[in-house]
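Please read it with the structure open.

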Amino acid sequence: MAVWAHTDEAGARMAPPEHSDEGSGQESRKGPAGRTKPALSAESGRATGGVRARDVRFAYGLGEPVLDGVDLEIGVGEVIALVGPQGSGKSTLLRILAGDLSPDSGAVELPARRSSGGRVMLGYAGHGGAHFESLSGWENAIFYARAGGMRRREAEGAVAELMEILGLKAQGHRAVSEYTDEARHRLLLIEALAHRPALTVLDEPFREMPQKTREALIQVLRLRSAQRGTVVVASGDLVPIPELADRILFLHQGRVVAGGRVAELLASVGSATRLEVELERRPQQLDARFRPGITVVSDGDPYVLEVSRGSAAVGEVVAALTAAGATVKSVAVREADLAEVFRRATGAELQ
Amino acid sequence: MGVIVWGLEWRLALSRKRDLTLRIVAPLSLVLVVATGAVPAAVGAASYVVLFVAFGVLGTALRLLRDGEEGITSRVVRGGVSPKSYLLQRAAVGAVLAFVQLLPAALVAAAFLNASTSEVLIALVALAGSLWIGSLLGIVVAAVGRSGTEVTVVCGVGLVLLLHMSGVFHAASPAGLGGMLEAASPFRALHEAFVTMVAGGAERGGLAAAAWALALPVLVGSLAPRLTAAMER
């Protein structure tokens with residue numbers, strides 16, 4: 001049975017975010033396949049933007065599980081990146097955190113729906129959020145900021161600032177129907193962020209974003225974190241993650257396969273570059289001799305070495321293997337980066 | 001937060017100028033066709049009631065259906081607007097908008113029926129009340145129907161029954177249970193307002209319409225979370 005908790009500021013039980021006025025939190029809900037989800041209940045929990053999920057499982061309809069026992073705990077003010085290839089369950093997990101989907105089983109504990117000041121605690125930008133097409137981006141964003149509990153003037157200030165930062169100011173007063181997909185995506189981010197939620201949940205926020213805007217968004221999210229706002233970001237792209245995230249959780253086939261602080265994860269793969277050598281032909285006894293700084297990690301298939309000098313050692317490795325009687329088919333260079341963490345945990349490529 | 005949905009819906013309506021114009025021109029054209037035709041005045045009056053009520057119910061129902069399908073409803077509700085506030089504000093905007101759009105048609109209909117000023121004023125009050133009731137019924141229809149076709153069918157069948165109950169298709173009020181149902185029906189006041197223009201007599205049905213106009217918002221408000229959830233496709 002799925003157990004949900006939305007905790008108010010005193011840690012009392014609250015209703016789930018979806019379709020409840022100030023409801024009981026006990027109503028049945030339906031997933032996208034129309035299945036009746038287990039009744040929602042709540043248990044005592046935290047009063048702020050923290051999130052806790054335990055053994056969360058979810059499948060769309062009668063399909064394979066998309067989430068298969070996810071556990072996570074996100075502290076107040078943390079910035080968490082969920083990283084994984086397409087189909088790993090990132091977006092589904094975010095939709096559960098946003099109250100858009102109910103888990104089939106497991107427990108999810110989320111912040112209260114509103115703060116005592118009437119502010120909506122969640123800001124969510126998923127894929128393809130609907131807008132009021134005939135209105136301007138500015139009018140759309142102001143509406144959601146006000147729905148989130150802001151007064152008009154406050155909403156105008158917050159939206160103007162975000163439009164400037166995310167490069168949408170010039171198009172702000174044009175109808176959304178004229179927007180490109182990229183502009184719509186930025187508007188969605190503005191709508192999720194403007195009311196300064198305690199928990200911000202963003203799915204692929206850096207998609208198709210120029211470097212300058214990307215850096216500005218990272219600054220906004222880091223600032224939110226400094227103000228005790230919790231941020232959860234899903235990304236298939238690792239480039240912005242080290243600068244953004246306090247912690248990374250790698251998802252693969254619906255499970256968290258690795259996680260930790262960026263420095264810890266990098267340390268776990270060491271500083272050496274790995275070379276994965278595919279051999280077309282190898283002698284019975286492969287006895288290649290390498291200089292110091294090159295260590296054989298595995299002499300199976302692929303033949304794996306760690307080198308301290310990066311890809312510069314490729315030529316030397318190939319020469320040594322050839323001298324030992326092997327024929328090299330290909331060499332893959334694996335830098336000691338976050339992608340390598342995922343690769344070692346799963347044996348699969350991130351992208 | 002107040003009535004932000006009210007303001008938003010007005011901006012949306014005003015931004016769709018073509019839609020706005022069509023919704024004024026279409027009922028006006030239909031009324032003109034009936035008014036200038038050779039139908040008996042009583043039949044004309046009944047036609048106007050059917051047209052106005054269907055316009056009110058379908059206007060709200062189809063817009064809500066579209067917003068549910070596009071994910072607008074779920075976004076707005078998750079964005080912080082309570083389902084109750086959302087639906088009641090939508091009903092209010094829908095009713096006022098329909099009233100403004102139907103006003104030229106209603107005035108033309110009254111003019112062709114040679115109505116007095118007081119009869120016109122009573123008819124407009126009855127029209128406003130009926131559109132409010134119709135808009136609230138449109139919310140329920142939007143939650144029940146799963147497509148534009150379904151909404152139209154549900155609306156058509158439901159309205160025929162309600163309008164029949166309201167005496168629109170009767171020459172004289174029935175006795176017994178039929179008469180009681182007619183007395184309690186939501187659109188009798190509107191029908192009576194137009195019948196009075198044709199045949200004179202006292203306008204009736206106002207009390208029942210008022211009761212519906214007060215009771216339906218309570219019902220829709222209490223069911224609002226379920227209704228908005230049902231609108232998600």
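1. Six strands of chain A form an open sheet in the order β7-β8-β9-β5-β10-β11, and the pairing is mixed. Strands are DSSP runs of E of at least two residues, helices are runs of H or I of at least four, and both are numbered from the N terminus; two strands pair if DSSP finds at least two bridges between them. The edges are β7 (122-125) and β11 (255-261) of chain A; each has a single partner strand, so one side of each has no neighbour in the sheet.

2. This is a predicted model, in which local features need pLDDT of at least 70, side-chain atom pairs count only at pLDDT 80 or more, and totals for chains, interfaces and linings use all residues. Residues are numbered from 1 along each chain as its sequence is written, chains are lettered from A and ligands numbered from 1 in the order in which they are written, and side-chain values use heavy atoms, leaving out hydrogens and water.

3. Strand β10 (residues 247-252) of chain A is mostly covered, with 6 of its 6 residues buried (buried means under 20% relative accessible area, exposed over 50%, partly exposed in between, with a 1.4 Å probe and protein chains only). Arg247(A), Leu249(A) and Leu251(A) point one way from β10(A), while Ile248(A), Phe250(A) and His252(A) point the other way.

4. What are the partners of β10(A)? Strand β5 (residues 79-83) of chain A pairs with β10(A) in the parallel sense over 4 bridges, and Val83(A) has Phe250(A) as its bridge partner. With β11(A), the pairing of β10(A) is antiparallel, over 6 bridges, and Phe250(A) stands opposite Ala258(A). β10(A) and β11(A) form a hairpin with 2 residues between them, and Gln253(A) in the turn has a positive phi of about 50°.

5. Elsewhere in the sheet, β8 (residues 199-203) and β9 (residues 230-235) of chain A run parallel and are joined by 5 bridges. Here Asp203(A) has Ala234(A) in β9(A) as its bridge partner.

6. Over all chains there are 9 aromatic pairs. The rings of Tyr48(B) and Phe52(B) have centres 6.5 Å apart and planes at 20°, so this pair is stacked (rings of Phe, Tyr and Trp, for Trp the six-membered ring, pair if their centres lie within 6.5 Å; planes under 30 degrees apart count as stacked, over 60 as edge-to-face and the rest as tilted). Both residues lie in helix α3 (residues 41-70) of chain B, 4 residues apart, about one turn of the helix, and both are buried.
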